[in-house]
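Reader: Could you take me through the reading of this structure, feature by feature, with the general idea before each case?

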Amino acid sequence: MWISIKLCVAMLAIAWIVPAVAAPPSSMRFRCESARSQPKYCAVDTGDGITLVKQLSRIPCMQGRNWDYDRHGVWVSHRCRAEFITGRPPAVESPPASRSLQCGSSSTRVQRCVADTSKGVRLVRLLSASDCVENRDWGHDADGIWTARGCRAEFSLGPAGGPEVPAAPATRLTCESGNQQRQRCEVLVKHGVDLIRQLSKTHCVEDSNWGWDAAGVWVDQGCRAEFRVR
């Protein structure tokens, strides 16, 4: 009997000395939404960080501008609406970065620029006053990129290796400046904007009479064009 009592006491002592292993805290998913321009504060444990996982508003939610967090919770403002999780997701290896190349022609000759076009080519920035319309003013083949009719632009070349990443679906948008006035066309821009067809007699030149930011496209001084929003 004394042996049984001593054994029980020893087992209790071991259980007291060895602490139970705590399960890792699980992430919590929650919404935080700003109605109109009113700021909203969502109290939550932010000790392991906060990650925005799904945007619900048309207005882009940009950390440090219309959302952020402190020790006690998350705040959103200016119509940002999104879903967040506590903690940070595991890092994901990024695909190889795209490479860019500038290619331009004079108004009377075709210019060829040698490049690896095996993963595709897209126009990312117009640099000339002349239009750059694909298959008319520029194009590409197995040997590189060609430009004509005064087209000069910056082109993005796809990843040189690894699996090809499918492109995000693009949206077409027509934006026009009436009476030479500046006009904004609101749309969510995730990756960039390409001018695909000029509709006005006025030449549309990026950073001169049209441009874009995360919240949309702007045109000015009579520019009217069709854009591809990525």
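**Strands, disulfides and a buried serine**

Author: Strand β9 (residues 121-126) pairs with β12 in the antiparallel sense over five bridges. Strands here are DSSP runs of E of at least two residues, and helices runs of H or I of at least four residues, both numbered from the N terminus, while two strands pair if DSSP finds at least two bridges between them. The model is predicted, so local features need pLDDT of at least 70 and side-chain atom pairs count only at pLDDT 80 or more, whereas totals for chains, interfaces and linings use all residues. Residues are numbered from 1 along each chain as its sequence is written, and side-chain values use heavy atoms, with hydrogens and water left out.

Reader: How many of the six residues of β12 are buried?

Author: Buried means under 20% relative accessible area, exposed means over 50%, and partly exposed lies in between, with a 1.4 Å probe and protein chains only. In strand β12 (residues 152-157), five of the six residues are buried, so that the strand is mostly covered.

Reader: What is a disulfide, and how many does the count give?

Author: A disulfide is a covalent bond between the sulfur atoms of two cysteines. It is assigned here to a pair of cysteine sulfur atoms within 2.5 Å, and by this rule the count comes to six disulfides. When the bonded cysteines of the protein are numbered in sequence order, the pairing reads 1-2, 3-4, 5-6, 7-8, 9-10, 11-12.

Reader: Why is the disulfide of Cys 61 and Cys 80 called right-handed?

Author: The torsion about the S-S bond of Cys 61 and Cys 80 is about 115°, and the disulfide is therefore right-handed. This pair links distant parts of the chain, 19 residues apart, with Cys 61 in the loop between β3 (50-55) and β4 (67-69) and Cys 80 in the loop between β5 (73-76) and β6 (81-86). The S to S distance is 2.1 Å, and both Cys 61 and Cys 80 are buried.

Reader: Which parts of the chain does the disulfide of Cys 204 and Cys 223 tie together?

Author: Cys 204 and Cys 223 are joined with an S to S distance of 2.1 Å, and with 115° about the S-S bond their link is right-handed. Cys 204 lies in the loop between β15 and β16 and Cys 223 in the loop between β17 (216-219) and β18 (224-229), so the pair ties together parts that are 19 residues apart in sequence. Both of these cysteines, Cys 204 and Cys 223, are buried.

Reader: Is Ser 200 buried or exposed, and which residues is Ser 200 in contact with, leaving aside its neighbours within four places in sequence?

Author: Ser 200, found in the loop between β15 (193-198) and β16 (210-213), is buried, with a relative accessible area of 15%. Contact means heavy atoms within 4.5 Å, and with those sequence neighbours left aside, Ser 200 is in contact with Gly 222, Cys 223 and Arg 224. A polar atom of the side chain of Ser 200 lies 3.1 Å from the backbone nitrogen of Arg 224.

Key: A polar contact is a pair of N or O atoms within 3.5 Å; within protein, one must be able to donate a hydrogen and the other to accept it, and residues adjacent in sequence count only if both atoms are side-chain atoms.
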